[in-house]
Amino acid sequence: MKQFTLKIIASILVLASGMSVQAQLPDQVFKAAGSPVNPKVTVTWNRYYDHAGISEICKKIAAAYPELAKLQSIGKSFEGRDLWCLTITDFKKGNVDKKPGMYIDGNIHSNEIQGAEFALYTAWYLTESFGDTKFIQELLEDKVFYIVPTINPDARDSYMHKPNTASSPRSGVIPVDNDGDGLVNEDNYDDLNKDGHITMMRRKNPNGRWKLDPKDPRSMVQVGPDEKGEYEILGIEGIDNDGDGRVNEDGYTFEYDPNRDWGWGWQPNYIQNGAYKYPFSLPENRAVMEFVVKHPNIAAAQSFHNSGGMILRGPGGQEDIGTYNQQDIAVYDAIAKKGEELIPGYKYLVVYKDLYSAYGGELDWFYAGRGIYTYSNELWTPFLMFMKEGSRDPSENPAFSFDRYLLFQDAFVPWKEYDHPQYGKIEVGGMKKNYGRAHPGFLLESDAHRNMAFSIYHCFHTPKLEVSEITEKDLGDGLKEVTAVITNTRLMPTHSSQDAKNKIERPDYISLTTTGKILSGMHVENRDLNLSVEQEQNPQTIEVPNIPGLGSVTVKWIVQGGGKYTVSVDSKKGGTVTASK
Amino acid sequence: MITTLLCWIAGTICAQDYSNATQQASRLDALAKAYPQMASLKSLTKTNGGKDIWVLTIGTGKTETKPAIAVIGGVEGNHLLGAELAIGFAEQLLKGSNTDSIRALLNRTTYYVFPNMSPDAMEQYFGKLRYDRTGNATTTDEDRDGKADEDGWDDLDGNAKISFMRVESVTGDYKVHPDDARVLVKADISKGEKGKYKLFSEGADNDKDGQFNEDAEGGIAFNKNLTYIHKTFAAGAGDYPASEKETRALLDFLYDAFNVYAVVSFGSNNNLSTPLTYNPQAAAQRIVAGLLEPDAKVNGMVSELYNKVTGTKDAPRSNVTGGDVLSWGYFHYGRYSFSTPGWWVPKTKPDTTKKEKAFTLEDPTANYLRWASQQGIANTFTEWKTIQHPDFPGQKVEVGGVDPYVLNNPPYKMADDVVKKHTAFLVKLASHQAEIDIVNLKTEKLANGLTRISVDVVNKGGLSTHSKLGERSYFIKKVKVAVQTSGKQEVVGGRKINLLNSIEANGASSFSWVVKGTGKLVVEAGCPTAGTKTIEVNL
């Protein structure tokens, strides 16, 4: 009882102090253009959050804006963590399930953490800016965002709370016997100096091929052919734990690659390194897949990775070149080129061509499997350090000078001697895991904002349908011809070419309601030349395969009687619209 | 009545027809109860139709440590024989388990029997309307028009089975078989032939889209749903590979069964009567499209064994179309993979007493009808009968043709013989499995307390420990050769742990270690697909 009372008092105190910190008095602050001036949910955007931290921010956003944000768990991770999804839209306007949707996730690779903050920033910004930004109000009236900050929460927490490099774990945490010796995870990295970071091991060796960098002795450079070195590099911090003559060959840090687990062009592990057992054999991806299938209104998608400063589209595999046809590529190009403008240092690239062939990737399934226009952004680029392209001159070594002059050497673990059971006297040190791939704190918010702006542009260009014309023509003998023109004012068609080709989503329905009797219905192919195709069955609802981006379709009906006409359009990815005449 | 009585007296199950799901379950349950030391039954999942996917594990002791063969039936829902073969194999094997040879077999080999991967579809054979069904109970939109199951079959002649309908048409592409007027064959336009009929499966165009029976009840077909060359978006394949519970249940089980070295499935694909051959180009592709050379040799060797043991011949050619379990077993699971339909209509000879002549045109239906009549099988053909068809006003439409199921399933009374032959094959196959042994142990004292140990690790079996392709798999355990030291023993020369990709049939690999210390030391060699051996060495 006593404990219980204490708890209550403690939580009241926390609440009280929280409130006093949370909201600045309105007259103490002055709005910076384009940012929420006095947000209801205060989030510090120059640091990272583990799964519990993300969960708390999600809950706060949903609680602060019940009419703009709803929180649900779309499934559980392998270790039972919730996969949180924030649905962001103007819940007071329209049918949410029928608004064209934009899906955003981050962190599929667990070490690529900032995707979660970028996604979350988007949810936060949309809700906090809704009140005083007309553009956001209109956007959320038309569209819905589904934001899943992390789709790999188990290994996100592992990355943060266990010793790791900047590149580990890329995986989730389902155990795998990497080396096929019958034992699982028997030889992981070892945090020899117990600092939570897995860095490098080096050893003094008169025959070594490395020496200290004269410009920054923390760094190592290779010696020239006629030069003598002082050090050899032994590799990543670790011990041969199982005595098989190999170091760090079977740890939890790389079991599989969750981005090789998706149901389009999937290949087994011996062809595509990282693949697990079959498409969606990882519970986190399966939950996302099921969510997407249940939300056919999702027309656009974004996944956040790191690093390199890229806006990527598929195909992932060379075999899939034919999947992307010119029409779809034109849409991809238009949006991504805007993205290059909005996010300095980022380049628009095609995975198979500019990176490497990768089968079973998330973006391939979203596009080829569901017909959804999808990008993967590789967040963070060394360009952002000094706002210039990286140099090939090794003496410039911008990573070290950035750390020295802007981070004040916070990103580096100084070399320190260690007595290694197999290598003897060695030194351990190097860059910390939060440097090199994750944004440094002060650059996090601005890059998150720019990437969000790209997502908003992407979402803006999901289809927006209008009934732009309803015309009645008297054919005599009590017969009327009713023509309707449906216009799509945005870049994306209601069916991407891949969708139309494989009939992934049903056709768009254009229905006429009238007091008269509908005798015939037609899809008009060329209005000027009077070419049309009759739909004999169910003429009241004309099925059109697609409503093109920045284009229109025309349908017409022959009606006996006539009177008032209501035309309704129902498109899975294009939304619904109704007009009367 | 007499037969029933005899069966009753003999105390055996003596069915007159193939088993439905309930009967299959009770036969499996009876085995698990009758042979508790050798058989255990487990349900892996329930399908969307609420049917269990069973696995019967047959073996003794620690079954997961013995090299294993996976036996898969019901690969296609219209292949009743496949399920019968799998269950029948289990019954006959266990019945024979009082013999020394089967007992010895079950001491060294485990069988995982998956009797029926298509229980939803197979139930259609026992249902009110009998039609050729391979799709499970998942609701699908086969013609992708936004509506599900809106145009199924219609029993126009009211005989409770779906056969065919033919429509007289000037643009018809079928003609009457020259030797059997009941049978329709494609007109050969290149030879100037003209067709007389259009041929459809029995039904109406319920949704008036110009197609017949294109979206019937019945969803995803197991043998199109697997991951190798999955035909995404094709009817019955699923919108992504392994979309179905039964598919995933099988894959999840098998990926964890590291001891499985061969998969034998019963379905329309056949690489046992005629082996798949080695095609260097296909095998060298990045997405491997053909058997690697050593694996093609194994297929040839096992095919020879199959033909010899079963005595079958004249098998029709089969084409692997993708998403199938035969391809998955090899290309994705990395194990030796075999498939056979088990039975096909034998090639008939003309019955001269009936003044029959040899066919001038080979056709499976014509051959079946001749064979059926010679066997005294009646009532599997419906004579063509004119009906009024709403979709063809003013045209002559006839319903008739051969029954579903009869071309790929023998009459039940013939199944027992097929089961016996295939049981013999599955037993013989196991006699070729890889078997690791440690031989030629040599210990040399180099000094006091310093010993050189050398051994040969051999594979005494007729198959490699791993398929060549399987050596690349992430979900296979390598051959491990290791010394286990104790006390103060120390390996000062050689590798304490060695991992080998494989040891081929009759292959050997030599190892030696220099060990400091005294007492007993253990050398261990093996892998799950070939068993593990240990020997003790006195230093």
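The secondary structure of chain A comes to 13 helices and 23 strands, and that of chain B to 11 helices and 20 strands, in what is a predicted model. Of the 581 residues of chain A, 57% count as buried, while for chain B the share is 55% of 539 residues. The C-alpha trace of chain A spans about 105 × 60 × 50 Å along its principal axes, and the C-alpha atoms of chain B fill a box of roughly 105 × 60 × 50 Å, taken in the corresponding way along the principal axes.

**Helix α12 of chain A**

- The buried residues of α12(A) are Leu443(A), Leu444(A), Asp447(A), Ala448(A), Asn451(A), Met452(A), Phe454(A), Ser455(A), Ile456(A), His458(A) and Cys459(A).
- An α-helix has 3.6 residues a turn, so residues three or four places apart point the same way.

**A nonpolar patch on the surface**

- Phe386(A), Tyr405(A), Leu406(A) and Phe442(A) form a nonpolar patch on the surface, and together they have about 430 Å² of accessible area.
- Tyr405(A), one of these residues, lies in helix α11 of chain A, which runs over residues 398-405.
- Tyr405(A) counts as exposed because its relative accessibility is 59%, where over 50% is required.

**Salt bridges**

- Side chains of opposite charge can pair when their charged atoms come close.
- Over all chains, the count comes to 58 salt bridges.
- Lys98(A) forms a salt bridge with Asp570(A), with 3.4 Å between the closest N and O atoms.
- Lys98(A) lies in the loop between β2 (82-88) and β3 (101-106) of chain A and Asp570(A) in strand β22 (residues 565-571), so this pair ties together parts that are 472 residues apart in sequence.
- With a relative accessibility of 34%, Lys98(A) counts as partly exposed.
- Asp142(A) and Lys464(A) meet through their side chains in another salt bridge, at 2.9 Å from N to O.
- This pair also links distant parts of the chain, 322 residues apart, since Asp142(A) is in helix α4 (residues 134-142) and Lys464(A) is in the loop between α12 and β15 (465-476) of chain A.
- Both partners are partly exposed, Asp142(A) at 22% relative accessibility and Lys464(A) with a relative accessible area of 23%.
- Glu112(A), Arg170(A), Asp257(A), Arg260(A) and Arg437(A) are linked in a network of salt bridges.
- In chain B, the side chains of Lys191(B) and Asp188(B) meet in a salt bridge of 3.8 Å, N to O, in which Lys191(B) is exposed at 64% relative accessible area, whereas Asp188(B) is partly exposed at 26%.

**A loop residue of chain B**

- His432(B) has its place in the loop between α11 (412-430) and β13 (436-447) of chain B, and at 23% relative accessibility it counts as partly exposed.
- His432(B) and Lys460(B) are 28 residues apart in sequence, and their C-alpha atoms are 9.1 Å apart in space.

**Cavities**

- Rolling a probe the size of a water molecule over the atoms shows where empty space is left.
- The structure holds five cavities of 30 Å³ or more, and the largest cavity has a volume of about 60 Å³.
- The largest cavity is lined by residues from chain A, namely Pro268(A), Asn269(A), Tyr270(A) and Tyr276(A), and from chain B, namely Tyr255(B), His332(B), Ser473(B), Tyr474(B) and Phe475(B).

Definitions and conventions
Residues are numbered from 1 along each chain as its sequence is written. Chains are lettered from A and ligands numbered from 1 in the order in which they are written. This is a predicted model: local features need pLDDT of at least 70, side-chain atom pairs count only at pLDDT 80 or more; totals for chains, interfaces and linings use all residues. Side-chain values use heavy atoms; hydrogens and water are left out. Patches are made of residues with over 30% relative accessible area and no salt bridge: like charges are joined within 9 Å, nonpolar side chains (Val, Leu, Ile, Met, Phe, Trp, Tyr) within 5 Å. Accessible areas come from the Shrake-Rupley method with a 1.4 Å probe; for residues, only the protein chains shown count as cover. A salt bridge is a side-chain nitrogen of Lys or Arg within 4 Å of a carboxyl oxygen of Asp or Glu. Helices (H or I, at least four residues) and strands (E, at least two) are DSSP runs, numbered from the N terminus. Buried means under 20% relative accessible area, exposed over 50%, partly exposed in between (1.4 Å probe, protein chains only). On a 1 Å grid over the protein atoms alone, a cavity is a set of points where a 1.4 Å probe fits but cannot get out, and a pocket is an open set with protein on both sides within 12 Å along at least five of seven lines; lining residues have an atom within 4 Å of a point. Grid points are joined across faces, edges and corners, and a volume is the space filled by probe spheres set on the points.
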